[in-house]
Amino acid sequence: MEPLVLDVTDGDGVLAAAAEVERSYGRLDILVNNAAIRVEEYGRKPSEQPLEQWRRTFDTNLFAVVEVTRAFLPLLRRSPAGRIVNLSSLLGSVGTHGDPASYAYSDMFKSLPAYSASKSALNSWTVHLAYELRDTPVKVNAVHPGYTRTGLNDGEGDLSVQDGARTGVAMALLGDDGPTGTYTHRGETVPW
Ligand SMILES: NC(=O)c1ccc[n+]([C@@H]2O[C@H](COP(=O)([O-])OP(=O)(O)OC[C@H]3O[C@@H](n4cnc5c(N)ncnc54)[C@H](OP(=O)(O)O)[C@@H]3O)[C@@H](O)[C@H]2O)c1
């Protein structure tokens, strides 16, 4: 395994990375769009989060995913079993956010409107691309990893990093009969 350093918001760097993978391997089997940021402050009201944070959040969490995916798609199409996994979040579930019984119906989780909306948009991108690729071997799915102890949450969370990775890994290793265009956590469908 060879690491390749990449800033996903750097368009030239993305193209160079795809060219490097093509030179070294000729194709790509699995693309996991994992990189994301959460720059909003907990505790602020949704309407008080600065627009600049919305732009930064969407640059990384949505536009970079689209750009990276477009750059690597020709290589994924050369694979007999291309898989794209988009790391979404339960906070991207509009149904969950609107449900007063949900844990997302709280001041804490309503203070991340740009992060949440970027994941809702990522879910929409997932179903659009899955539709485009429905007659190919390439499968495109969104996952919620679970509330995981990482820097994104300031170290808070229910799951270890190993457990948080399980849903994404499972969807990256789907067989030919596996689904596409889904949004899941540990095999269970998450409401859009
Ligand atoms: N942790 C959770 O509870 C949770 C819940 C739901 C969804 N998620 C999602 O799971 C994924 C992984 O998050 P995490 O919890 O592991 O967060 P994390 O610890 O903050 O890791 C995010 C990673 O993204 C990278 N990154 C950010 N901007 C980048 C850029 N422009 N180019 C390249 N890499 C960039 C970071 O790299 P640097 O370290 O170099 O900045 C970091 O390695 C994210 O999509 C997140 O939204 C996490």
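Reader: Is aspartate 154 buried or exposed in this model?
Author: The model is predicted. Exposed means over 50% relative accessible area. Aspartate 154 has 57% relative accessibility, so it counts as exposed.

Reader: Which loop holds arginine 186?
Author: Arginine 186 also has a positive phi, near 50°, and is not a glycine. The loop that holds arginine 186 runs between strand 4 and strand 5 (188-189).

Reader: How does arginine 186 count: buried, partly exposed or exposed?
Author: The class in between runs from the 20% limit for buried to the 50% limit for exposed. Arginine 186 has a relative accessible area of 45%, so it is partly exposed.

Reader: Which residues are closest to the ligand?
Author: The ligand is surrounded by 23 residues. That shell divides into ten nonpolar, two charged and eleven polar residues. The closest are Asn34, Tyr115, Thr148, Thr150 and Asn153.

Reader: How much of the area that the ligand exposes alone does the protein bury?
Author: Taken alone, the ligand exposes 890 Å². Of that area, the protein buries 66%.

Reader: What is the distance between the end C-alpha atoms of helix 4, and what span should its residues give?
Author: Helix 4 covers residues 113-132, which makes 20 residues. At 1.5 Å a residue, they should span 28 Å. That agrees with the distance between the end C-alpha atoms, 29 Å.

Reader: Which elements are included in the cover over the buried residues of helix 4?
Author: The buried residues of helix 4 include Tyr115, Lys119, Trp125 and Leu129. Their side of the helix is described by the elements that cover the buried residues. These include helix 2 (51-77), strand 2 (83-87), helix 3 (94-97), strand 3 (139-143) and strand 4 (183-185).

Reader: Which residues does alanine 130 touch, leaving out those up to four places away in sequence?
Author: Alanine 130 sits in helix 4. Its relative accessible area is 5%, so it is buried. Beyond four places in sequence, alanine 130 touches Val140, Thr180 and Gly181.

Reader: Which side chain makes a polar contact with the side chain of threonine 96?
Author: Threonine 96 is in helix 3. At 11% relative accessibility, it counts as buried. Leaving out residues up to four places away, it touches Leu90, Ser102, Ala104 and Pro191. The polar contact of its side chain, at 2.7 Å, is with the side chain of serine 93.

Reader: How far apart in space are alanine 19 and valine 8?
Author: Alanine 19 lies in helix 1 (residues 11-25). It counts as partly exposed, at 31% relative accessibility. Valine 8 is eleven residues away from alanine 19 in sequence. Their C-alpha to C-alpha distance is 14 Å.

Definitions and conventions. Residues numbered from 1 in each chain as written. Predicted model: local features only at pLDDT ≥ 70, side-chain atom pairs only at ≥ 80, totals over all residues. Heavy atoms only, no water. Near = heavy atom within 4 Å. Areas by Shrake-Rupley, 256 points an atom, 1.4 Å probe, with all protein chains shown as cover. Nonpolar A, V, L, I, M, F, W, Y, C, P; charged D, E, K, R; others polar. Helix = DSSP H or I, 4+ residues; strand = E, 2+ residues; numbered from the N terminus. Expected span 1.5 Å × (residues − 1). Buried < 20%, exposed > 50% of the residue type's maximum accessible area, 1.4 Å probe, protein only. Contact = heavy atoms within 4.5 Å. Polar contact = N/O pair within 3.5 Å; in protein donor to acceptor, adjacent residues only side chain to side chain.
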